[in-house]
Amino acid sequence: MSAVIEIEGLRKTFHSVRHGRRIAVDGFDLVVGAGQVHGFLGPNGSGKTTTLRALLGLVRADGGRMSVLGAPSPTHLPQVAGRVGAIVESPQFFGNFTAERTLRLLARAGGVPAVRVDEVLEQVGLRDRGHERVKGYSLGMKQRLAVASALLKQPELLILDEPANGLDPAGIREMRDLMRSLSAAGVTVLVSSHILAEIQLICDHVTIISRGRRVAAGRVDEVLAGFDQHEFRVRVDEPERAAELLRDAGLPVDAHPDHLVVGEVADATVVSRLLGEQGLWVRELTPLRPDLESVFLELTGEGVHPSLPRQVDGSRPPGGAPPHGGEIDLGTVGSDRGGNA
Amino acid sequence: MNLVRAELERLTARRFVQLMVVLLALAFGVTAATTLAGSHQPSPVELAEARAQAADARRQMDEIYQQCVDRVNGNLPPEVEEQYYPADCSEVDPVRQERLPVATDYLTGVFTFGSQARPLLFFLIAFLVLFGFLVGASYIGADLNSGGVVNLLLWRPRRMTVLGTKLGTLLGATLVLSLLASVAYLATFWVIGQTAGLAGQLDADFWRELGALHARGMVLVLLATALGFALATLGRHTSAALGTAAAYAVVWELGARLVLEIVDAPRPDRFMLSSHVGAWLAGEARFWDASGCASSGGGFCDASYTLTGGTALTVLLVLTGVLAVAAFAAFRRRDLI
């Protein structure tokens, strides 16, 4: 599978008189293959938007190499801009213009037929509100308009920064369906989001960034599998005795008030047989699979110190150890493990 | 071409632009209406009286000049000795005066296009300069601030092309509007002069001078527009241009002028943009240098000096050019976040 987006060793440092020097992206790598719906995750301030802006030529990178649809970015970006639709972080529009006029102006500037305006307004659910001024729009409606502007060009590659921002649950579902339909039509989608459950539902691949560096990348199921500790939740009538039996069998057991969590279980029948042979009948035996949220929190260190106030991109509490020793790379392009570094 | 059309539509759709055009039309309408209401076509009797008064005034000027010459030659009769005459009689020589009294100077309540067109055009140019500066600043300032430029760059990732198109479209639209407004404005007052006043002396010289003033005014409007655009681009906001203009007026035109006068700096007016604007519009401007005659010992001393239109244009062009180049250079390298 060919790469649609390639970023290698991207670096960006912001300099400010008041705040000094701040490293936003520090040697970041990203590869998005053709046809993927690729999730781009990271805490606030981790460098997601800076990466996307650098990729789209809005921010000057200090180092690294980037390409979009095979064209080096930003030098050759104009050659492929007509095939790339993008929205970058809280897109803003001119309040006094209607959505229809906003899109018409963009279409005219980009040489897109005017008929596309009505099509994309229909596509994002703004058909009946397109004649209203944007300043009267809710955040979710502005977000829909932003997506509509990105879709105008019928792009081969769609880059969406927080597309679900401000959307209500129904809007989030519509956005999910839209991305699925675009993916089915062959559009490659790179989507950054904080709504991890959404990413898990929509995306087939994921890259996680923390403090400007990639900490995980690959197929979603493979990333999750890398964090699967083969744990099971066990409910049984005599939990203390059951825990003792399981520990004697060499299995790690974590006792909770109403259940046990047993780790390193290769096969569920091991647990049920072990307890059944001792007359303990299992009422529940449920595998505990990691979800993207728990993986994200573990990789970015967001959930390790609940007692401390969390700072923006506070992946590493002051004086604490790094949340993660290195990078989990399970292959960004297709299923080729580790082939993207 | 598509980008130019899109930018033109954005520009004309902006409420601020529409408001300024309405204000222009309003000021235009009020001026025309009050002129029309306060003017009438003079009767033959009024005209005859005015002509007589003008002829009398010209005759008096001739007499004063002749008396001045006689005094210098020692031929002045004693009964007029007490009157003041300048040491240099050429100062009162009617031939050397910029203009001689004419009949229209003595007609009250009569609008005369020939004598009023110039000040009317000054007013229009002043309004269009303000219009150009404010629209130039708000056009790019609001776009930078609202994310419009970022949206556009996602479609056309060529920063110089996008900014250049914006400036070009802005200057072109401002020039067209200024020309249309000028034609409508002067034509309206010409019609008022013809129907409810006097046309005045509209010879080739009049039209040539009015045309030259108008052309200089249009250059000034374009420079002000580019200046507002450049300042707002550098400051990323409309208010940056407005703040710079206000700060310049207070700190330099008022504060620095005062300091320069206190320290007796030679020819302080040449450091002021307002002097150059005036010199460019009028063709030249004369200023009096207070420190110029400090060491003259009380004898005759001409401390005045002239700023020519050419010098003024050079100063205004260099200032606008430098700021425009700086704006494009900053925009080319800037992180759009």
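Residues are numbered from 1 along each chain as its sequence is written, and chains are lettered from A in the order in which they are written. Because the model is predicted, local features need pLDDT of at least 70 and side-chain atom pairs count only at pLDDT 80 or more, whereas totals for chains, interfaces and linings use all residues; side-chain values use heavy atoms, with hydrogens and water left out.

Chain A contributes 33 residues and chain B 29 residues to the contact, where contact means heavy atoms within 4.5 Å. The two chains bury about 2,800 Å² between them, 57% of it on carbon and sulfur atoms, buried area being the accessible area (1.4 Å probe) that two parts lose on being put together, summed over both. Four salt bridges are found across this interface, a salt bridge being a side-chain nitrogen of Lys or Arg within 4 Å of a carboxyl oxygen of Asp or Glu. A salt bridge joins the side chains of Lys12(A) and Asp335(B), with an N to O distance of 2.7 Å. On the side of chain A that touches chain B, the elements giving two or more residues are β1 (3–16), α2 (77–80) and α3 (99–110), with helices (H or I, at least four residues) and strands (E, at least two) taken as DSSP runs numbered from the N terminus. The largest share of that side, eight residues, comes from α3(A).

Pro78(A) lies in helix α2 of chain A and, leaving aside neighbours within four places in sequence, is in contact with Pro157(B) and Arg158(B). In the loop between β5 (71–72) and α2 of chain A lies Pro74(A), which is joined to Ser73(A) by a cis peptide bond with omega of about 5°.

In chain B, residues 213–234 are 100% helix and 0% strand, with end C-alpha atoms 31 Å apart, while residues 241–260 are likewise 100% helix and 0% strand, with end C-alpha atoms 26 Å apart. Arg236(B), in the loop between α7 (204–235) and α8 (238–262), has a positive phi near 65° and is partly exposed at a relative accessible area of 40% (buried means under 20%, exposed over 50%, partly exposed in between; 1.4 Å probe, protein chains only). Arg267(B), in the loop between α8 and α9 (273–282), has a positive phi near 45° and is partly exposed at 38% relative accessibility.
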